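Here's a walk through one chain, with the folding picture built up piece by piece. Have the viewer open as you read.

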Amino acid sequence: EGGGAMAAGGPGGLGSSALTLLGPAPGAPSCPHGPALLFVKTSQGKEEGRRFYACSACRDRKDCNFFQWEDEKVSETRLAAREEYNRNHQPSFTHRQNVDRYKNFVLLPLSKRRFCQECQQLLLPAEWEKHLDHQLLCDITTAQLKSPSQLLYPLENKKTNAQYLFADRSCQFLLNLLTDLGFRRVLSVGTPRLHEVIQSKASQEEEFSVRSLLLDIDFRYSQFYTEDEFCHYNMFNHHFFGGEAAHETCRKFLYEENGEKVIMVTDPSFGGLVEALATSFKKLMAMWKETEKEGHDNNEMPMFWIFPYFFESRILDCFPSFRMMDYQVDYDNHALYKHGKTGRRQSPVRIFTNLTPSMIVLPEEEGYRFCTVCQRYVSSGNQHCDICNSCTSKDGRRWKHCVLCKKCVKPSWFHCNNCNFCTLQNHNCEKTDVGCFVCGETDHKRSACPSLSRT
């Protein structure tokens, strides 16, 4: 959901070479988005290239052009200039100042409550003059303040923020699922809409006891939430912009007092480096484990990672305990995947979780049913294959078993004896330029291929 930025970085236009993430390195240089990540460029058939640092959060160099060779000697002057640059590129108000401004804002009569759409900022009367020629929203209601994800512009620059928000149907489903499973604390990592639904329900209903802490790279949310409700956080390098105090807020939130069970729900942008995300998520899990208790010995912090199904193998490589659920997560403002040929919205986004699959009850009225052999809920078109001994469909349609490939494949695919695998009937045997030419799948392009080490 919200503002998880897409990761990659490094020089643009790498042709047939791939970027391999080497990960967060001790003593890495920083850009305005926190410590940079270490990459290496590898070209097919050639030895590894030179290692370099690039921004963890932006893969378009127009958004953050940070770049440094690993073995580069950086002069004192340049280091000082870089620190100055990083300082100047921090938000104009601190979180504390934004909280104070909010307190003053809610005291204003409706007619004086204004929000500048260009600056994406709540305005106090003394600041109106500076924004005279800007597009303003007036008469901001309490309801609007409680739903900031709808008040703020979605940051739809796909290469940096790719900020898509859960549709109400999916948001309500997730919330009901979490409460039915007995979770009372939700660490919302890049899921602002889920966070605000929990917050507003808690303020309206006395008996509703779920609490949420939002970790997000989108600092605009600091205008609406206190330091106990929001931490400015980069999920690609596990960087808390608020330093030790914010880290402590998160640690405290994960401490399960009175047996209140914690779950982490995360919805990173789909171009994000799976391995970088997994490294951060493992650090959050470790934080949970350190907080206490006897029961944590062999357990992982419960987690929902919301991501497209074609990243399944990469997520399971990082988290072998995870399984993919069949539930299709929908978004409000996602232009892709909305309506397939059937006129039915087909989202490729699924929930990956380390909870026991049979516990994840999916709504029968939306066509999900329970498979007694697999012991999990599956979509109605997902038929159990006796040869594979599992419900094999990934996209909701009924898949068919190919004896030669020894696995189930999409219904529109046929076995090609030339290529020696299943693919689209009218493909060109020399090259598979429909969809992804790395693995032949048609539901994503090369840039998002799970079998590549670059994003």
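At roughly what angle do the axes of helix α5 and helix α6 cross?

## Two crossing helices

They cross at roughly 60 degrees, with the axes of α5 (residues 168-180) and α6 (residues 192-204) coming within 10 Å. Axes here are lines fitted to C-alpha atoms, for helices over the stretch in contact, and angles run from 0 to 180 degrees between N-to-C directions. The α5/α6 crossing is right-handed, meaning the near helix is turned clockwise from the far one by less than a right angle. On the α5 side the contact (heavy atoms within 4.5 Å) involves Asp168, Cys171, Gln172, Leu174, Leu175 and Leu178. From α6 come Arg193, Leu194, Val197, Ile198 and Lys201.

## What kind of model this is

This is a predicted model: local features need pLDDT of at least 70, side-chain atom pairs count only at pLDDT 80 or more, and totals for chains, interfaces and linings use all residues. Residues are numbered from 1 along each chain as its sequence is written, and side-chain values use heavy atoms, with hydrogens and water left out.

The pLDDT (the predictor's confidence in each residue, from 0 to 100) averages 84 over the chain, and 84% of the residues score at least 70. Strand β12 (residues 230-234) does best with a mean of 97, while strand β1 (residues 18-24) has the lowest at 81. Residues 157-161 fall below 50, though this stretch has 19 contacts in the model beyond near neighbours in sequence. Residues 451-455 are also below 50, with 24 such contacts. Where pLDDT is low, the predicted coordinates should not be read in detail.

## The chain overall

The chain has 9 helices and 25 strands; these are DSSP runs (H or I, at least four residues, for helices; E, at least two, for strands), numbered from the N terminus. Of its 455 residues, 52% count as buried, meaning under 20% relative accessible area with a 1.4 Å probe, protein chains only (exposed is over 50%, partly exposed in between). Among contacts with a separation of 6 or more, 59% link residues 24 or more positions apart.

## The eight-stranded sheet

An open sheet of 8 strands runs β13-β12-β11-β10-β14-β15-β17-β16, with mixed pairing. Two strands pair if DSSP finds at least two bridges between them. The edges are β13 (239-240) and β16 (323-324), each pairing on one side only. β16 is joined to β17 (residues 349-353) by 2 bridges, running antiparallel, and Arg323 has Thr353 as its bridge partner in β17. Helix α8 (residues 274-291) packs on this sheet, touching strands including β10 (183-189), β11 (211-216) and β14 (261-266), and its direction makes about 170 degrees with that of β15 (303-308).

Look at β15 next: 6 of its 6 residues are buried. It runs parallel to β14, with 3 bridges joining them, and Phe304 of β15 stands opposite Val265. Toward β17 there are 5 bridges, and this pair is antiparallel; Pro308 stands opposite Val349 in β17.

Leaving out residues up to four places away in sequence, His33 touches, among others, Cys55, Cys58, Cys64, Asn234 and His239.
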